[in-house]
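Here is a friendly briefing to read with the model open beside you.

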Amino acid sequence: MTIVREIIRFFNYFCMAFTILLSLIYILQMIMSFVKIKRDTSALRSDDSMEYMDSKNLLPISLLIPAHNEQEHIVQNIRSLMKMNYPQFEIIVINDGSTDKTHDVIIEAFGLYQIEFSTKISIPTNAVKGIYYNIEYPNLLYIDKESGGKSDALNAGINVSSYPLFACLDADSRLEKDALLKLSASFIKDKNTIVAGGIVRIANGSVIRDGVWESFSIPEKLIERFQIVEYYRSFLSGRVSWGLSNSMLIVSGAFGVFKKDAVIEVGGYETNTVGEDMEIVVRLHEYMKSHKRKYKIIFCEDSVCWTQGPMSMSDIRVQRRRWQVGLMDTLLSHITMLFNPFYGAVGLLAVPYNWIFEFIGALVEVIGYFIIPFSLIMGELNMFFFIAYFLLAALLGIILSIGSLILEQYTNKSAMTAKQYLNISIYAILENFGYRQLITLFRVEGILKYRKLRSTWGKIKRKEFNE
Amino acid sequence: MNYAFLVILLIVLCLLILGFEYLWLYVIAVKQENRVNKYSTAEEKITKMVDGIFYSPTAGARRNEIAALNKFIDNDPRIMEMVSDRLDHWGNYGGEQFLADRKTISSEIEQELKPVEFYANMLENGDVHDKSYACRKLADLGAAEYIDKIKEFSKGKKRILSYNAAMALSKYGDAQGVADYLIRMQDDSKYSDRIIFELISRFEGSREELAGILYDNCEDSMKASVISAMVPYKLEAFEEMYAEGLKSTDINMRIACVKAIGAFGKQEHEHALIIASKDKNWVVRIGAVRGLEKLHSPKAIESVKNATKDKEWWVRQTAANALLNMEVSVRDIEDIMKGYDRYAADAVKYSLYQKVDIRGDNR
């Protein structure tokens, strides 16, 4: 019995130390991000990427949009992409065995007809049923293929694409008009860049017309407000800081630009995973390091993609479980990189961080939710320390959330009024009491149902864009 | 130290940090909101003020309007840029009969606003980003008196500044300055070739002079990039050098030279291009096919037809596209479509789909 008590006591202190350590790491990341964002914001004054708008010297981009049951959003998204500020690009929509009317709405909206296509198969994929085109829309191609998942759809798009860069986009997101221009400048200013990821912002509450943000009002639902703060924290603090040490492990599936050669060289997207956006980036790190190549995977906080955040807790649950499964998939399939000095900062910092804090951390946190109150009731835990720990953990969480709102101020200078910022800051406090814990529970559910959740597209119902 | 005290101290510290964060958030949010309001109304105000200058009934009224505009700019580069845009609009507005008037008014505005002085001040006193921006703006204004200073910046170690200074030198058409920058860039492993292309396409001086300096002083890899960047300008003075380059053992040099030779579209290069269309490297073969596309001769057509059977997909596709742009007979196309080589037929079919609306009248 004493041993059990000792174990419980040890675990209590371990949980506390773990949570505080994680918060401190986050705060360190936030400080690093602040320095980088401040530097980048100053650099915007001398930035000439807009002068490349009509230049023939920018690398042309293929925009790949995998679609599975996207009948509501797809046509509007294609129309919005056609208005992008970029000298040369093609849009390739890949219908991955949709069972709704996705196929019909695309064909009808753009008057597409089937053509015989000559394709270089660089990456094997499931059978392509047909390729559609309309001479009136010379930069639009539509691929209808048998279902094989998002990765398979992206690989099919890569095979058909004609340009040296490709961007993977979500069918239900919107790119800002200049987003490609800003992101592709990274490939010019450093030729070692192989991947550039943009920031994904929550569009709930915003009016975005033809890829231009117009206005913002605080969204109705609490869950939407929490997600706004959450995305700021994740992108502006997390990704910016990992990008600094060239050890970012994920580029959002909603918006990332890749050098096609590099992706083909590593064999394209892995089809046996739901976390294809993370897996491809980790594999590129692994490949480039093991072939001793110079490379850069960068994050550009100025290049924006808008997405509608889920509107219900059940949809958030589906989304977060899926993200956790994707994380596990990638970490398990690249376990050799863990604490491996050969992979530099990736092997020694980014991969261990994801293992310890993003994967195992969720489990520790949830076990802590049950054991700590239990210990308190059993008298194994000092009440003073419990309250102190709880206060400290909550305060650190709030410091992080408010800090990410400050970072947001530096990157997106026109989004909200001062009153709206102060309003949103209330949710930056409130999310630490319930919402974050619930999200952790969903993540743990993802871990527990890992096998079952690995083979779905994971559809989420999203709101229409306010255009 | 007592642990309880330490914990309380930490909590107090967190509360202080939080208070500071809130204050910070509030201050910058208000500042940003004011900025947004300022710039969102500025455009409308500037339009009215500039239009007011051009419509002023008397010289005195005009002077007053110009002085008001100058006060409104208040050394703000963004407002200055908005004013320049509006002035450009006036520069392109109206018929010929107003041209003389507009010129007089524009020079009056310039005398009062002194944009060159404004940017020169940024060039002298600003930080690295101000200086970078000022370099480009001074070049846009054609302020030749600052070219030496800008040249100095292009030689500096700050990448952003030297890049922007080089872009400015390109606008000035300073061949030696741009060439010096590019020669130094050879040692920079980061910059992509696209910068060389952009510098050359923005160059407003003699490209022949620039190419001459670079070809004499660059290493082969840079030379190949410069040759590729110069392709659209068809510099005949270097034709012989390009033809010689086709025999180089360096792949990049062969690729650049085949593009350059192909761009001339001269019959005398037909033989060299036909040989290049059988090169070991597929990118050279693509360059040769594109060059042959411009010739339309029977031999060129035959070589392009052969290239549709190339083992590399990209060559086949380029050749199919080229063939459809050449004056070929339907028979030539049919030969390939009905021929034994399925890949060649597929390539031609795909190219046809891109050029011909197969729906015809059945739409």
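**Salt bridges, strands and surface patches**

At 30% relative accessibility, A:R317 counts as partly exposed; here buried means under 20% relative accessible area, exposed means over 50%, and partly exposed lies in between (1.4 Å probe, protein chains only). This is a predicted model, in which local features need pLDDT of at least 70, side-chain atom pairs count only at pLDDT 80 or more, and totals for chains, interfaces and linings use all residues. Residues are numbered from 1 along each chain as its sequence is written, chains are lettered from A and ligands numbered from 1 in the order in which they are written, and side-chain values use heavy atoms, with hydrogens and water left out.

**Salt bridges**

- Over all chains, the structure holds 40 salt bridges, each being a side-chain nitrogen of Lys or Arg within 4 Å of a carboxyl oxygen of Asp or Glu.
- A:R317 has such a contact with A:E445, at 2.6 Å from N to O.
- That pair links distant parts of the chain, 128 residues apart: A:E445 sits in helix α13 (residues 435-448) of chain A and A:R317 in helix α9 (residues 313-333) of chain A. Helices (H or I, at least four residues) and strands (E, at least two) are DSSP runs, numbered from the N terminus.
- A:E445 counts as buried, at 15% relative accessibility.
- A:K36 forms a salt bridge with A:D40 (2.9 Å, N to O). Both residues belong to helix α1 (residues 2-43) of chain A, four residues apart, about one turn of the helix.
- A:D40 counts as partly exposed at 23% relative accessibility, and A:K36 counts as buried at 12%.
- A:K36 also meets A:E301 in a salt bridge (3.4 Å, N to O). A:E301 lies in strand β12 (residues 296-307) of chain A and A:K36 in helix α1 of chain A, so this pair ties together parts that are 265 residues apart in sequence.
- A:E301 is buried, with a relative accessible area of 5%.
- Which residues are linked in a network of salt bridges? They are A:D47, A:D48 and A:K189, together with B:E198 and B:R202.

**Strand β12 of chain A and its partners**

- β12(A) is mostly covered, with 11 of its 12 residues buried.
- Strand β8 (residues 193-202) of chain A runs parallel to β12(A), and nine bridges join them. Two strands pair if DSSP finds at least two bridges between them.
- A:I202 has A:T307 as its bridge partner in β12(A).
- Strand β7 (residues 173-175) of chain A runs antiparallel to β12(A), joined to it by three bridges.
- Opposite A:R174 stands A:W306 in β12(A).

**Surface patches**

- A:K38, B:K31, B:R35 and B:R78 form a positive surface patch. Patches are made of residues with over 30% relative accessible area and no salt bridge, with like charges joined within 9 Å and nonpolar side chains (Val, Leu, Ile, Met, Phe, Trp, Tyr) within 5 Å.
- For charges, Lys and Arg count as positive and Asp and Glu as negative, while His and the chain ends are not counted. The place of a charge is taken as NZ of Lys, CZ of Arg, CG of Asp or CD of Glu.
- B:K31 belongs to helix α1 (residues 3-54) of chain B and is exposed, with a relative accessible area of 57%.
- A nonpolar surface patch of about 660 Å² is made by B:Y3, B:F5, B:L6, B:L9, B:L10, B:L13 and B:I17. Accessible areas come from the Shrake-Rupley method with a 1.4 Å probe, and for residues only the protein chains shown count as cover.
- B:L10, found in helix α1 of chain B, is partly exposed, with a relative accessible area of 36%.

- Most residues other than glycine have a negative phi.
- B:D74 has a positive phi, near 45°. This residue is found in the loop between α2 (59-73) and α3 (77-91) of chain B, and B:D74 counts as exposed at 59% relative accessibility.
- B:H296 also has a positive phi, near 60°. The loop between α16 (282-293) and α17 (298-307) of chain B holds B:H296, which is partly exposed at 30% relative accessible area.
- B:M167 lies in helix α8 (residues 159-172) of chain B and counts as buried at 4% relative accessibility.
- Between the C-alpha atoms of B:M167 and B:A139, 28 residues apart along the chain, the separation is 8.7 Å.
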